Amino acid sequence: QIFNQHNAEAPNLEQAFHRMAQMESNLDHDVSWFLLPSYWAKMVVALISFLCFANSYDGDFVFDDSEAIINNKDLRAETPLGDLWYHDFWGSKLSSNTSHKSYRPLTVLTFRINYLFAGGFYPVGFHVINIILHCTISVLMVDVFSILLGGLQFSNKGRRLNLAPKSSLLAALLFAVHPVHTECMYKMPEDMACFILTDKEGHTFSVFWVLVSVILGAIAMLCKEQGITILGLNAVFDALVINKINLLELIRKLLYKDKSLENAGLLRKGLLFRITLLMCGGASILYIRWRIMGTGPPAFTEVDNPASFADSLFVRAINYNYYYSLNAWLLLCPWWLCFDWSMGCIPLIKSVSDWRIIALAALWFCLIGLICQALCSEDSHKRRILTLGLGFLIIPFLPASNLFFRVGFVIAERVIYLPSIGYCILFTYGFSLLSKQAKKKKILAVAVLGILLINAMRCALRSSQWRSEEQLFRSALSVCPLNAKVHYNVGKNLADKGNQSAAIKYYREAVRLNPKYVHAMNNLGNILKERNELHEAEELLSLAVQIQPDFAAAWMNLGIVQNSLRRFEEAEQSYWTAIKHRKKYPDCYYNLGRLYADLNRHIDALNAWRNATVLKPEHSLAWNNMIILLDNTGNLAQAEAVGREALELIPNDHSLMFSLANVLGKSQKYKESEALFLKAIKANPNAASYHGNLAVLYHRWGNLDLAKKHYEVSLKLDPMAPGTKENYNLLRRKLEQLQKKGG
């Protein structure tokens with residue numbers, strides 16, 4: 001009789017399978033949320049994620065984009081593509097002691113492609129690609145969350161059943177509008193390109209697909225270090241979603257050496273073999289990466305990550321855990337966001353009497369509670385969702401946890417891009433539990449809608465802050481007022497805009513907050529030098545090189561100040577010390593040449609400037625000084641040769657045209673000199689000296705009317721131009737004499 005019933009129900013096998021899957025996955029039954037077809041759900045997620053960050057498309061390059069993109073030679077066509085595999089993310093050789101060791105050649109390659117297609121450093125292209133990437137990932141998350149929350153079930157025809165459509169839509173929306181993702185919109189390819197590897201839609205899990213997973217993990221790691229964690233997530237996915245392992249039961253069997261481990265699912269369908277394969281693949285990737293890095297860790301300073309330099313293991317452990325709690329808080333309440341959390345932004349916890357210990361206790365209370373529920377709950381569905389949520393929350397965060405190696409930051413919002421997936425899973429599951437208990441489910445749904453709306457508005461606001469350095473740096477003042485780097489960056493931004501008085505205020509505050517902040521001392525010393533406050537500038541720069549003896553830029557600037565104070569021997573020594581610490585330092589050779597010129601050591605000056613142009617062929621000031629010195633010492637032929645060489649390298653530099661035109665005029669090559677003067681004036685029509693010297697040329701040449709015209713233009717632009725008024729008066733007297741003779 002049972003056999004006959006089974007045969008009678010065979011045509012409805014697919015429907016029965018679907019009902020069984022729905023019985024196991026009842027999450028949507030408790031969730032009071034919108035039910036949309038898969039296509040419309042993805043359209044909604046794409047649209048909302050786009051609207052949140054659309055205002056970032058035409059923002060500037062900000063913060064460390066200058067080093068990662070603008071000053072990164074690996075983006076330029078003249079750099080061989082092969083060099084990308086030997087350089088770090090910033091374009092430095094991995095073998096260098098100063099290398100950051102952040103090996104992301106595929107990310108740099110995407111920057112290079114963007115640079116080539118855009119025809120230069122135009123941020124629009126970079127930001128548009130980031131927005132598209134985030135929208136794409138947010139859309140894919142609809143399917144990913146459907147699998148993670150609803151389980152992986154297939155019909156007898158091999159189609160995946162789209163379980164938990166309401167829950168997956170909510171989780172995907174939470175992910176799409178989370179404000180911590182804003183930083184990734186400006187620094188994204190390396191932070192997001194390592195993601196799209198968890199969406200396993202097939203139901204045949206062969207060794208081939210495990211190997212593909214390892215290869216994709218390796219590719220992800222070439223985008224950003226977090227990519228390696230994809231292999232761990234795949235192992236968790238395989239165990240919990242595909243094999244439906246009960247972790248508590250498995251642990252018990254292992255502890256009691258139960259021989260029925262196969263029944264626990266460990267060996268079922270080759271799970272143990274696949275996990276072993278993933279582990280071996282991950283270990284191989286890490287070993288290769290370690291070899292590429294030069295088998296040495298990156299060099300970070302105490303200001304980058306103060307807790308990691310603490311002598312006490314207790315202080316290190318307690319502060320690491322406090323950092324974890326702050327990261328968790330940013331996921332829960334992403335209101336206080338900052339571009340940089342180092343340099344005293346978060347003072348160290350040094351004793352258990354610090355009230356911030358409460359944050360650690362709260363974090364571990366919640367984690368232990370979730371872990372207990374994930375292991376001990378009798379509801380298999382609850383166990384699976386909580387374990388997956390914790391897995392996605394913790395595993396991608398491990399490279400930033402300081403557990404395996406020291407990292408170069410305290411908190412970085414970009415590194416919780418992937419862990420936010422775990423947060424979205426846990427939030428959605430918590431919402432389903434509340435919905436199940438709540439009598440007024442609509443009020444709860446409205447509250448969640450409010451959270452989504454607030455997050456979306458926060459995304460738009462934060463995106464507007466990331467559009468320019470001024471807004472970004474000033475927004476951090478209220479979040480991290482103790483962060484010396486924030487004050488430094490505000491000061492630097494003001495100095496770049498010419499507001500030196502305001503910049504001094506912020507640089508002084510940066511030095512006050514961090515008395516060993518040598519870069520702030522260097523920049524403050526530079527401004528004071530330009531304002532002729534030489535003695536204070538010397539004190540600051542001397543202190544900077546005392547704190548960091550290999551700080552080449554500070555040595556050079558100290559030399560400039562000492563030169564201005566006419567302490568020439570000390571200045572020369574400072575310049576050579578700078579060159580000792582930075583072999584290829586064209587600006588220092590240029591300033592050394594100026595020192596030698598002041599001392600009338602002309603040959604030494606010319607050699608120094610020649611070194612500057614060898615190291616930096618486009619060094620216009622060094623070329624100009626060589627031409628002028630040779631001109632002033634009567635070496636017109638040599639000056640002409642240097643001028644022509646310079647213009648071949650920098651053909652559009654009007655200052656070089658002007659200097660060479662002066663030399664040619666003295667050599668009585670009037671026609672060629674005139675052409676260069678006119679070309680220089682066309683490039684810079686408001687330079688009084690250009691018109692004045694062209695007038696002198698016409699005066700010598702006998703073109704008196706043209707000479708008169710350019711003298712007048714020069715005096716109009718600069719009435720106090722040296723020598724121009726005298727030459728003009730001489731010309732007027734000569735013209736008057738000619739008129740009298742003609743009359």
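**Exercise 1. How many helices and strands are there in the protein?**

Let's start with the ground rules. This is a predicted model, where local features need pLDDT of at least 70 and side-chain atom pairs count only at pLDDT 80 or more, while totals for chains, interfaces and linings use all residues. Residues are numbered from 1 along each chain as its sequence is written, and side-chain values use heavy atoms, with hydrogens and water left out.

Step 1. Helices are DSSP runs of H or I with at least four residues, strands are runs of E with at least two, and both are numbered from the N terminus.
Step 2. With that rule, the protein has 35 helices and 0 strands.
Step 3. Of its 743 residues, 51% count as buried, meaning under 20% relative accessible area with a 1.4 Å probe, protein chains only.

**Exercise 2. Work out how α25 and α26 are arranged.**

Step 1. Find α25 at residues 552-564 and α26 at residues 568-581.
Step 2. Their axes come within 8 Å and cross at roughly 165°; axes are lines fitted to C-alpha atoms over the stretch in contact, and angles run from 0 to 180 degrees between N-to-C directions.
Step 3. The angle therefore makes α25 roughly antiparallel to α26, a label for angles over 145 degrees.
Step 4. The crossing is left-handed: the near helix is turned anticlockwise from the far one by less than a right angle.
Step 5. For contacts (heavy atoms within 4.5 Å), the α25 residues include Trp555, Met556 and Ile560, and those of α26 include Phe568, Tyr575 and His581.
Step 6. Sorted by class, this contact has 9 nonpolar, 6 polar and 1 charged residues. Here Ala, Val, Leu, Ile, Met, Phe, Trp, Tyr, Cys and Pro count as nonpolar, Asp, Glu, Lys and Arg as charged, and the others, Gly among them, as polar.

**Exercise 3. Describe the annotated span 484-517.**

Step 1. Residues 484-517 are 79% helix and 0% strand, and their end C-alpha atoms lie 8 Å apart.

Definitions and conventions: Parallel < 35°, antiparallel > 145°, perpendicular 65-115°, else oblique. Buried < 20%, exposed > 50% of the residue type's maximum accessible area, 1.4 Å probe, protein only.
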